[in-house]
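Subject: Structure handover and notes

Hello,

Here is the structure we spoke about, for your own work. My notes come after it.

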Amino acid sequence: MKALRIAGYLVASAFHSIRNTVLLHFVATVSIGVAFLIILGTWVFFYNAKSALVGSHARTHVSAFYERGRDIADIPKIQTSYCRRTYVQSCLFRSGEEARAIFVEQNPDLKGAVASLKQNPFSASIEMELDPDFRDLREIQRLAAELKTLPGVEAVDDGGEWVGRWVRLLGLADWLMWTLGMATALAMIFVVANTIALVIYSRRDEVEILRLVGATDFQVRVPFLLEGLIQGGIGALLALGGLRLLLLLLQIHLFSEIGSFVQLIVKPPSVHFQIAAVLAGGLIGVVGSAVATGRFLRT
């Protein structure tokens, strides 16, 4: 019972402090919300764009092209040796005649020009679509080298340098996003720490009395830690609300006539992302408060 009374007192003390310094807490919470909105908005736009690109435009592929006039030999062996690898999603075998028919279908204006050619300019090919999440460049290059040894294969396209650049670009962008997130988190910790320091200063007489009557450092810290937790959590909630409103306005007023790719970029964050954001906000508030109270107790 004693522990419950102490816990109730500490919680009540935190809310009493917030009521007495409501303007100070309001400014700090709004500042956290604005900072969170900037970083969350940047993250959502970046990772939505990354997901859209990886899901559609960045699908890796390997294509083997045969010499003109030469057909694909031993298709069952190719299917067994190459097409059944775990990272190969599909294999398409296309003859030169099929390639020409597809070209004419896609470019009807050039049908006459293609028909006037004495020889078929299109060659047979094997087109392999790979798992978009597969990023082992060495394995892709190994597959391309093996395909090049097949009888009659003249050239192999494995995406080569383009795939490598894409993977490096995504890695750099991820690093930049985490760096931006850490810098913003440090800035928010600084805001919370300064706010709680001002609150502690305004209540220093009360804190000294608590210490004189036997309150431990932990019991002194708890109300301020709760204040930091509330600041950070509410700030994150405000940022999420502002982000959803911003995305909704963009979808309604700016991007209503633009393609599906842009619609994917402004897709709202998942529930798990929102929960993680609120927890991160609360943690930042607790850390900032711990920094302020630790500095006060040491002095």
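The model is predicted, so to speak of a local feature I required pLDDT of at least 70, and side-chain atom pairs count only at pLDDT 80 or more, while totals for chains, interfaces and linings use all residues. Residues are numbered from 1 along each chain as its sequence is written, and side-chain values use heavy atoms, with hydrogens and water left out.

Empty space

Rolling a probe the size of a water molecule over the atoms shows where empty space is left. The search ran on a 1 Å grid over the protein atoms alone: a cavity is a set of points where a 1.4 Å probe fits but cannot get out, and a pocket is an open set with protein on both sides within 12 Å along at least five of seven lines. Lining residues have an atom within 4 Å of a point. Grid points are joined across faces, edges and corners, and a volume is the space filled by probe spheres set on the points. Helices (H or I, at least four residues) and strands (E, at least two) are DSSP runs, numbered from the N terminus.

The largest pocket has a volume of about 390 Å³. Its lining consists of 18 residues, and those nearest the centre are Phe36, Trp43, Trp178, Ala280 and Ile284. Two or more lining residues come from each of α2 (22–57), α7 (160–202) and α11 (271–298). By type, the lining of the largest pocket has 16 nonpolar residues, 2 polar and no charged. Here Ala, Val, Leu, Ile, Met, Phe, Trp, Tyr, Cys and Pro count as nonpolar, Asp, Glu, Lys and Arg as charged, and the others, Gly among them, as polar.

In the whole structure, the search finds 1 cavity of 30 Å³ or more. The largest cavity holds about 40 Å³ of space. Ser13, Arg203, Val207, Leu210, Gln219, Val220, Pro223 and Phe224 line the largest cavity. At least two lining residues come from each of α8 (204–212) and α9 (217–254), and α9 gives the most, with 4 residues. The lining of the largest cavity divides into 5 nonpolar residues, 2 polar and 1 charged.

Salt bridges

There are 5 salt bridges in the whole structure (a side-chain nitrogen of Lys or Arg within 4 Å of a carboxyl oxygen of Asp or Glu). One of them pairs Arg85 with Glu146, with the closest N and O atoms 2.6 Å apart. This pair links distant parts of the chain: Arg85 is in the loop between α3 (75–83) and β2, and Glu146 is in helix α6 (residues 137–148), 61 residues apart. Glu146 is partly exposed, at 25% relative accessible area (buried means under 20%, exposed over 50%, partly exposed in between, with a 1.4 Å probe and protein chains only).

Arg142 forms a salt bridge with Glu139, and here the closest N and O atoms are 2.2 Å apart. Both residues lie in helix α6, 3 residues apart, about one turn of the helix. Arg142 is partly exposed at 43% relative accessibility, whereas Glu139 is buried at 14%. Salt bridges that share partners join Arg85, Glu139, Arg142 and Glu146 into one network.

Glu97 and Arg100 also meet in a salt bridge (2.7 Å, N to O). They are 3 residues apart in helix α4 (residues 96–106), so about one helical turn separates them. Glu97 is partly exposed at 45%, and Arg100 is partly exposed at 24%.

Single residues

Arg94 is in strand β2 (residues 88–94). Its side chain makes a polar contact with the side chain of Glu127 (3.3 Å). A polar contact is a pair of N or O atoms within 3.5 Å; within protein, one must be able to donate a hydrogen and the other to accept it, and residues adjacent in sequence count only if both atoms are side-chain atoms. Leaving aside neighbours within four places in sequence, Arg94 is in contact (heavy atoms within 4.5 Å) with Ile72, Ala99, Ile102, Ala124, Ser125 and Glu127.

Ser125 lies in strand β3 (residues 125–130) and is buried, at 3% relative accessibility.

Asp74 is in the loop between β1 (61–66) and α3. Most residues other than glycine have a negative phi. Phi of Asp74 is near 55°, a positive value.

Regards
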